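This briefing concerns the structure shown below. Please keep the sequence and the model in view while reading the points that follow.

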Amino acid sequence: MRRTRAVGFAVNTRDQHGWRLLYLAAGASSILFVLLLIAALVLDFLAPPPVHGGTATLEFIAGNKPNYVAEQVLWILPNVLPVLVFAALFVALTAFQKSLPLIALIFGALPWALLLAVPVSSRGSLNLIYLSDRFMAAGSDEERKAYATAAEAIIAENNTPAIAGALSALGILLMGLAMIRGSTTLFPRYLGWLGVGTGALGTVSEVLRHAFPEFYWGYGILLWVWFIAAGIALIRLSRLHDQHAGPGFKDFGP
């Protein structure tokens, strides 16, 4: 039994050595993802954009364009980073199991990638900048009304609960289960339980986002904690130098 475990660990750490750059990049991306969203939240706090009313939104953008553009970029552009994080977690966990990490990768990464193609961020949209410019340059009330109506359609999409968010939370839950069922030489068990809790709360919160917004705020904080914890774990995993390295983590969980 001891020999089997030793051989399995040797193969596993040898595999991890080949993916060192991926783990390092994904770990840094995971932490950067949270930092960029915090920066977007600060900009939102300094000049919160309207979330209702086409005319009010377009007028706000016209008077706060640099801040608004920066905020939307910070909300939308970082969505590519979780894709790298989920890919790295999948590669690491496939040393012990295949199916569950793959399912978690699909549910967890695909929604973030798809969000890049959606022109809304739940706090605005880059498309509204063009409408704002046209609204301010319009020469009649009829033209302004037309642009305000178009803005209302985008705002309505902004305030519609996204299925992609629920699927991403489900992916985090499944990735947490994969960590729990895997080996603590790769990821500490507390990270798996944190993923399960974050994913479960997130799935419910995304579905009931507008009915119970307090749950969504709680999920948002847990989500950031999970990404930071996952980022630190991936960076530490990248520092396993060879197949004779000892366990990378102490298990703080049950």
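## Briefing on the predicted chain

Leaving aside neighbours within four places in sequence, F227 is in contact with S30, F33, V34, P82, V85, F86 and W112, where contact means heavy atoms within 4.5 Å. The model is predicted: local features need pLDDT of at least 70, side-chain atom pairs count only at pLDDT 80 or more, and totals for chains, interfaces and linings use all residues. Residues are numbered from 1 along each chain as its sequence is written, and side-chain values use heavy atoms, with hydrogens and water left out.

**Overall architecture**

- The chain has 11 helices and zero strands; helices (H or I, at least four residues) and strands (E, at least two) are DSSP runs, numbered from the N terminus.
- Of the 254 residues of the chain, 44% count as buried; buried means under 20% relative accessible area, exposed over 50%, and partly exposed in between (1.4 Å probe, protein chains only).
- Among contacts in the chain with a separation of 6 or more, 79% join residues 24 or more positions apart.
- The chain exposes about 12700 Å², of which carbon and sulfur atoms supply 69%; accessible areas come from the Shrake-Rupley method with a 1.4 Å probe, and for residues only the protein chains shown count as cover.

**Nonpolar cores**

- A nonpolar core is a set of buried Ala, Val, Leu, Ile, Met, Phe, Trp, Tyr and Cys residues joined through side-chain atoms within 4.5 Å.
- The largest nonpolar core has 44 residues, of which F86, L89, F187, L191, W226, F227 and L234 touch the most other members.
- At least two residues of this core come from each of α2 (20–46), α4 (65–76), α5 (81–93), α6 (99–115), α9 (163–181), α10 (189–207) and α11 (213–237).
- Another core, of 15 residues, lies apart from it and includes A47, L128, I129 and F135.
- In soluble globular proteins, nonpolar side chains tend to be buried together.

**Helix α8**

- Helix α8 comprises 18 residues (141–158) and, at 1.5 Å a residue, should span 26 Å; its end C-alpha atoms are 25 Å apart, which agrees. The expected span of a helix is 1.5 Å times one less than its number of residues.
- The buried residues of α8 are Y147, A148, A151, I154, I155 and N158. They cover an arc of only 115° around the axis, which puts them on the same side of α8; the arc is that of the directions from the helix axis to the C-beta atoms.
- On the other side of α8, E142 and K145 are exposed.
- The buried residues of α8 pack against α3 (54–63) and α7 (127–137).
- R144, also placed in helix α8, is partly exposed, with a relative accessible area of 27%.
- Beyond its neighbours within four places in sequence, R144 is in contact with F135, A138 and G139. The C-alpha atoms of R144 and R134, 10 residues apart in sequence, are 8.0 Å apart in space.

- T57 lies in helix α3 and is buried, with a relative accessible area of 2%. Its contacts, leaving aside neighbours within four places in sequence, are P50, H52, L128 and I155.
- S132 belongs to helix α7 and is buried, with a relative accessible area of 0%. Not counting residues up to four places away in sequence, S132 touches L58, I61 and A62.
- V83 is found in helix α5 and is partly exposed, with a relative accessible area of 25%. Not counting residues up to four places away in sequence, V83 touches A109, W112 and A113.
- V83 and S30 are 53 residues apart along the chain, and their C-alpha atoms are separated by 9.5 Å.

**Confidence**

- The mean pLDDT of the chain is 83, and 85% of its residues reach 70 or more; pLDDT is the predictor's confidence in each residue, from 0 to 100.
- Confidence in the chain is lowest in helix α1 (residues 2–18), at a mean of 45, and highest in α5, at 95.
- The pLDDT is below 50 over residues 1–16, a stretch with 19 contacts in the model beyond near neighbours in sequence.
- The pLDDT is also below 50 over residues 241–254, where the model has 33 contacts beyond near neighbours in sequence.
- Where pLDDT is low, the predicted coordinates should not be read in detail.
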